[in-house]
Amino acid sequence: EAAAPFHGPRQAGVTAPQQPATQLLAFDLPQTSAAADRQTLRTVLDALTRTLAAAASDAPSDARLQSLGTTRLTSLVGVGPGLATRLGLDVPAALADLPTFPGDRLDPARSGGDLLLQLCAADRWTLTVVAELVATAAGSAGATPRWSQSGFLPVTTPGTTPRNLFGFKDGTSNPAPAEDEQFVWGPPGAHHDGTVLVYRRIRMDVAGFAGLPADQRERTIGRRQGDGVPLTGTAEHDDPDIYAKNPDGSYVIPANAHVRLTSPRLDGGTRMLRRGYSYDDAPTDRGLLFCAFMRDPAQFTRVQNRLATRDALTPYLQHQASAVAYVLPGCAPGGSLGERLWT
Ligand code: HEM
C-alpha cells in the first residue's frame, strides 16, 4: 500500500487515514538573539523536511527502512506558541498556550516545546528508526530533544472505529472531510493550509472505570459500550440527541455524560478533529493521548472547561501533559516546511 505522499499543500499527518502507531516528539531551540534563533529554526526545519521526505519516500536510503514494503510514514511538524512569540513568526493570532484547567497535574518535562512532531506508521519499528533520524537531523541543526511519547491503536478493520482503554469506540463523531475546511484548516489566507494541534496525555483509571456496572459506564459516556450507538439512537453514527428525555423528564443522555458536555450543540456547532491514541508506559500509567486538530485552540478550552468540572469521566482521568502547536502548511518538492513563517 502506498504511503500518503510527503509533499503537498498540507502535511499528510493531519487527515491521512489513522495508522496503528504514533510517536510524538518535542524539541526546544536555543534562546540567543531573535535573528540567530530564526536562522536556527530555518536550518532545523530544512533538516526535518529533508529527513521526513526521505523516510516517507518509496526508496528510503536508511537500510533499516528498506524491505518493509513501504514505510507508510506520515508526519506533521508544528511550532509552539512560545517560539512563535519569541521569533515573531507568522502564525494564527489565536495560537496560544492553554490555560490551566481544574484538576490538571501537568509535568513540564513531558509538556510544551518549541517544535512538535507527530510521526505515524504501520509499526513501531518504523517510528523508532525515523524518530532517531529526526533527532539526529534536528540535533545537528541546533535543536535539543524535550520529550517523546509513543502510542498505539488496536487492530481494527479499515473503516471501523478503534476503541480506547475504557473499551469504548473513540473517534465516532468527527467532522466530515468537507467540514474540515471550516473547523480544522485555517481561513483563506496565509494559514489556510495549517491547523492547530492540541495534545493532552490523559492517564486513565482503567480498573476503577471497569469496576462500574455496565449501565453506569454507558451513562458516563452517553453511548453503548459494545457498538458505540448513542443512548438516543440505533446506529453508531447517529447524532447523539442531547435534548431527548425519558418519560420521567430526565435526559436520556445524562446531564454529566461525556457526549453531552462535548456536544457541538453546546458550542455553536463547532467541531474538532480527534485522532487519539492509547499509551501504556507502566503498570499503572496507561491512558489516552488526546490529539485534536482545530482552527483555534479556544475550541478545546471551551470544551475542557465544561469537562473538568462536570464530566462523569473526570474522576477516572488525570491530565498529565499538554502541548499546543501550529501545524505548518505542507511544501512542494524542493521546498521546506515553514516557508511562510517569516513575515
Ligand atoms: C467523544 C472518550 C477526553 C472531546 C468521545 C466518545 C468517547 C470519548 C468514548 C464517544 C465516541 C466518539 O464520538 O468518539 C474520551 C476519553 C477521554 C476523552 C476516554 C479521556 C481519556 C476528551 C477531551 C475532550 C474530548 C479532553 C476535549 C476537551 C470529545 C468530543 C467528542 C468526544 C468533542 C465528540 C462529541 C460529539 O460530537 O458527539 N470521547 N474522551 N474528549 N470527546 Fe472524548
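## Contacts along the chain

In this predicted model, 75% of the contacts in the protein with a separation of 6 or more are accounted for by residues 24 or more positions apart. Two residues are in contact if their C-beta atoms, placed from the backbone, lie within 7 Å. Residue numbers start from 1 along each chain as its sequence is written. As the model is predicted, local features need pLDDT of at least 70 and side-chain atom pairs count only at pLDDT 80 or more, while totals for chains, interfaces and linings use all residues.

## Overall fold

The protein has 8 helices and 9 strands; these are DSSP runs numbered from the N terminus, with helices (H or I) of at least four residues and strands (E) of at least two. Its radius of gyration, 20 Å, is close to the 20 Å that the globule rule gives for 343 residues, so the protein is as compact as a globular protein of that length. The radius is taken over C-alpha atoms, and the rule is 2.2 Å times the number of residues to the power 0.38.

## Surroundings of the ligand

Of the 30 residues around the ligand, Phe-168, Thr-172, Ser-173, Thr-262 and Leu-288 come nearest; a residue is near a molecule if its C-beta atom, placed from the backbone, lies within 6 Å of it.

Strand S5 (195-204), helix H7 (258-261), strand S8 (285-294) and helix H8 (298-310) each supply at least two residues of this shell. Helix H8 gives the most, with 4 residues.
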